[in-house]
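Hi everyone, thanks for coming along. Let me put the model on the screen, and then we can walk through a few of its packing details together.

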Amino acid sequence: MHMLEQWLESVNRFVWGPPLLILLVGTGILFTFRLGLLQVIRLPLALKLVFKAKNEGEGDVTSFGSLATALAATIGTGNIVGVATAIKIGGPGALFWMWLAAFFGMATKYAEGLLAVKYRKIDENGQISGGPMYYIERGLGIKYKPLAVFFSVSGLLVALFGIGSFPQINAIVSSTQSSLGIPVAVTAGVVTLLVALVTIGGIKSISHVTTKVVPLMAIIYLISSGIVLIVYADQIPHAISLVFHSAFNATAAGGGFLGATVMMAIRNGIARGVFSNESGLGSAPIAAAAAKVKWPAEQGLVSMTGTFFDTIIICSLTGLTLIVTGVWNGAVDGAQMTQAAFDAALPYGSMILMICLVLFAFTTILGWNYYGERCIVYLFGVKSILPYRIVFIVLIGLGAFIKLEAIWLLSDIANGLMALPNLVALLGLSGVVAAETRLYLKHMKTHK
């Protein structure tokens with residue numbers, strides 16, 4: 001088993017190496033310039049549409065419902081553990097590169113959301129199906145179907161065995177056991193039951209829950225981390241200065257920190273940023289396709305706010321709390337580092353973080369359940385939905401007791417492999433994205 005894990009670790013480093021990270025960011029740069037800095041100029045409109053979209057087109061859920069489902073999957077343990085890991089290894093400068101990846105990632109997420117709506121279809125049950133597998137086959141052409149199948153298989157693996165299941169349920173049971181002393185079996189049973197109750201109802205049920213839970217968990221985290229920053233307000237200017245300085249200069253070692261090179265900051269910042277907001281990975285457009293919108297570009301704008309909320313806001317708050325409190329330079333890492341930051345300024349800080357972590361992880365399970373379902377529908381049709389849901393629910397229950405590093409490494413590899421066919425499609429259909437954007441903006445000018 002140890003040799004298998006070592007081999008998978010090598011494969012994982014190769015898949016998530018510089019070529020993929022450069023391709024992910026490069027795709028965002030291409031769309032940024034081709035769309036004329038749309039993520040900056042049209043951000044006010046995008047934020048307005050999040051809550052005031054007309055929801056006039058075909059679809060299963062509202063624009064906000066599809067965004068909430070996508071955010072449910074993206075806002076997860078990566079926002080707490082992932083940011084802490086990036087800063088621990090890469091230093092405060094990793095946060096700058098996380099911002100940069102998110103900035104360009106917003107343009108990528110826009111393109112994904114637009115294409116998801118343009119090439120979606122209605123399945124045999126009358127539900128919307130969309131995402132990279134559909135815009136690969138219907139946009140690039142039938143000869144590219146093997147790429148669509150490759151994406152769907154990778155997405156299914158991630159949903160069943162990866163970030164959609166095992167790491168999330170493990171985070172929940174570990175957190176409740178350490179903070180409240182609740183036995184693993186009890187937490188696993190409750191979470192499995194809740195997941196079953198929500199996911200059996202499909203996207204409408206998942207959206208109904210996520211539209212309420214996602215804003216709640218975001219508000220709790222925003223207020224809590226905001227209080228930490230207020231308590232340490234005098235350290236904020238120094239923290240921001242340190243972020244920019246460390247982004248281009250090696251960070252000196254100190255305390256339990258080993259020191260970081262600029263390349264470590266770049267690699268960890270970009271990689272963890274992409275892991276967190278999933279721009280370019282192809283997962284979020286599966287949820288975007290279900291939105292009730294008439295204009296593909298409209299959902300593209302709503303979708304790109306997901307990266308803004310996830311990384312520019314939530315990951316930034318996590319990173320700054322770690323830096324202003326000084327815990328990034330201490331002996332702890334991961335969730336314990338963020339816990340130490342909360343404890344430094346908040347009564348019951350550990351308890352608050354535990355609640356956030358549980359909510360983040362639970363909603364990630366819900367979002368990825370839907371992603372996996374749409375992938376298996378593409379592969380085997382609607383007859384596979386019920387067996388898939390049953391297997392997913394069983395794996396959530398079992399996942400609480402499984403701690404095989406090999407499974408998580410396989411998940412990371414599958415996650416990276418999802419990005420490859422998606423990025424091929426995005427680049428191949430960039431002209432379609434530009435044309436649809438011009439069409440929508442012309443419509444907006446004539447219908448003010």
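So, at roughly what angle do the axes of helix α10 and helix α11 cross? The answer is roughly 130°, with the axes of α10 (residues 166-180) and α11 (residues 184-199) coming within 9 Å. Axes here are lines fitted to C-alpha atoms, for helices over the stretch in contact, and angles run from 0 to 180 degrees between N-to-C directions. Helices are DSSP runs of H or I with at least four residues, numbered from the N terminus.

Before I go on, a word on sources: this is a predicted model, where local features need pLDDT of at least 70 and side-chain atom pairs count only at pLDDT 80 or more, while totals for chains, interfaces and linings use all residues. Residues are numbered from 1 along each chain as its sequence is written, and side-chain values use heavy atoms, with hydrogens and water left out.

Back to our pair. α10 and α11 are therefore oblique to each other; angles under 35 degrees count as roughly parallel, over 145 as roughly antiparallel, 65 to 115 as roughly perpendicular and the rest as oblique. On the α10 side, the contact (heavy atoms within 4.5 Å) includes Ile-169, Ile-172 and Val-173, and on the α11 side Val-184 and Val-191 are among the partners.

Next pair: helix α2 (residues 18-34) packs against helix α14 (residues 262-277) at about 65°, and their axes are 11 Å apart. That makes α2 roughly perpendicular to α14. From α2, Leu-21, Leu-24 and Val-25 meet Arg-267, Ile-270, Ala-271 and Val-274 of α14.

Some of those names return around Trp-16. Leaving aside neighbours within four places in sequence, Trp-16 is in contact with residues including Leu-21, Leu-24, Arg-267 and Val-274. Trp-16 is also one of the residues touching the most other members of the largest nonpolar core, which has 140 residues; Leu-24 and Leu-301 are among the others. Such a core is a set of buried Ala, Val, Leu, Ile, Met, Phe, Trp, Tyr and Cys residues joined through side-chain atoms within 4.5 Å. Helix α18 (residues 349-380) supplies its largest share, 16 residues.

Last stop: is Gln-39 buried or exposed? Gln-39 is buried, at 3% relative accessible area (buried is under 20%, exposed over 50%, partly exposed in between, with a 1.4 Å probe and protein chains only). Gln-39 sits in helix α3 (residues 38-41). The C-alpha atoms of Gln-39 and Leu-301 are 8.2 Å apart, although 262 residues separate them along the chain.

Note on methods. Helix = DSSP H or I, 4+ residues; strand = E, 2+ residues; numbered from the N terminus.
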